[in-house]
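Q: Hi! Could you walk me through this model, a bit at a time?

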Amino acid sequence: LAECYSCHRLICERLTRGGVHYDDGRSVCNRCRQTAIDTAAQGQPALLQVRQTLARLGLEIGQVETPLRLVDQQELNRRSTKSYSKQPTGMACHHTLTRNGQIVERQVEAILILPGLPREHFAAVAAHELMHTYLFMNGFSDLEPVVEEGLCELTAYLWLKQQGTPEAAYRLGLMDKTDDSVYGKGFQLAR
C-alpha cells in the first residue's frame with residue numbers, strides 16, 4: 001500500500017477512499033485531494049491569503065505579486081541548489097540584476113510548489129517560500145542555512161497557528177517532531 005505524501009495515511013478504500021498516484025512518484029489520498037491545489041489559478045488565491053495573513057502578523061512581503069508555478073518533484077530536484085534539501089516541496093526562485101558589480105534590482109521569478117497538495121499543506125509551503133522571498137528582497141541572502149530555513153519554517157508555523165484546523169494541527173505536529181539538522185534545528189532555534 002502507498003502512503004499519502006501529505007497526511008501519511010495508508011492509501012486504501014477504507015481509510016482514505018483511495019488516492020491518486022503522480023508521475024513523479026508521489027501518492028496523495030482522496031481525503032487530501034478534497035482541497036488539493038492542482039493549478040496555479042487555484043493556488044494564487046491561497047498564496048494571496050497567506051501573504052495577507054503574514055502582513056497582519058507584521059511580515060510584509062511587499063507589493064510585488066508573486067508568480068506561482070506548480071511543478072513536479074523532478075523539476076524541483078533539478079532546480080535545487082541546496083545540498084541539504086533532498087526532496088523539496090517548494091522553491092522560491094529569484095535573481096539580481098547588477099551593474100558594475102553592484103546590485104541594482106532584485107527580482108522574484110516565481111514560487112514553485114508541487115501540485116496536488118491539500119490546501120493547508122500548500123499554504124504552509126507558500127508561507128515558507130514567501131519568507132525566502134522576503135529575505136532575498138531585503139538583502140539577507142548570505143544567512144547560514146539553519147538560520148534561513150529556521151526563519152522560513154517559523155513563518156510556515158505562524159501561518160499554520162492562525163488556521164485552527166485539524167490539518168494545520170497535524171502539520172504543526174510534524175514540525176515539532178522533525179529532527180532534520182537544518183529545517184528542524186533551525187525551526188527550533190527560530191521559535
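A: Happy to; we can go through the pocket, the strands, the salt bridges and the surface.

Q: Great. What should I know about the model and the numbering before we start?
A: This is a predicted model, so to speak of source: local features need pLDDT of at least 70, side-chain atom pairs count only at pLDDT 80 or more, and totals for chains, interfaces and linings use all residues. Residues are numbered from 1 along each chain as its sequence is written, and side-chain values use heavy atoms, with hydrogens and water left out.

Q: What volume does the largest pocket have?
A: About 1,200 Å³. A pocket here is an open set of points on a 1 Å grid over the protein atoms alone, where a 1.4 Å probe fits, with protein on both sides within 12 Å along at least five of seven lines. The volume is the space filled by probe spheres set on the points, which are joined across faces, edges and corners.

Q: Switching to strands: how many bridges join strand 4 to strand 5?
A: There are 10, and the two strands, residues 90–99 and 102–113, run antiparallel. Strands pair if DSSP finds at least two bridges between them. As one example, H95 has Q107 in strand 5 as its bridge partner.

Q: What about the turn of that hairpin?
A: The hairpin has 2 residues between the strands, and N100 takes a positive phi near 55°.

Q: Where does R106 lie?
A: In strand 5. R106 is partly exposed, because its relative accessible area is 22% (buried means under 20%, exposed over 50%, partly exposed in between, with a 1.4 Å probe and protein chains only). Its C-alpha atom is separated by 39 Å from that of V20, 86 residues apart along the chain.

Q: Now salt bridges. How many are there?
A: The count comes to 8, taking a side-chain nitrogen of Lys or Arg within 4 Å of a carboxyl oxygen of Asp or Glu.

Q: Which side chain does E149 meet in one?
A: K82, at 3.1 Å, N to O. That pair links distant parts of the chain: E149 is in helix 6 and K82 in the loop between helix 4 (73–79) and strand 4, 67 residues apart.

Q: Is E149 buried or exposed?
A: E149 counts as buried because its relative accessibility is 0%, whereas K82 is partly exposed at 30%.

Q: Which residues do shared partners join into a network?
A: R69, E75, R78, R79 and E109 form one network. Within it, the side chains of E75 and R69 meet at 2.9 Å, N to O. E75 is buried at 17%, and R69 is partly exposed at 36%.

Q: Last topic: which residues make the nonpolar surface patch of about 340 Å²?
A: L1, L10 and L15. Patches are made of residues with over 30% relative accessible area and no salt bridge, with like charges joined within 9 Å and nonpolar side chains (Val, Leu, Ile, Met, Phe, Trp, Tyr) within 5 Å. Accessible areas come from the Shrake-Rupley method with a 1.4 Å probe, and for residues only the protein chains shown count as cover. L10 is found in the segment before helix 1 (13–16) and is partly exposed at 40%.

Conventions: Helices (H or I, at least four residues) and strands (E, at least two) are DSSP runs, numbered from the N terminus. On a 1 Å grid over the protein atoms alone, a cavity is a set of points where a 1.4 Å probe fits but cannot get out, and a pocket is an open set with protein on both sides within 12 Å along at least five of seven lines; lining residues have an atom within 4 Å of a point.
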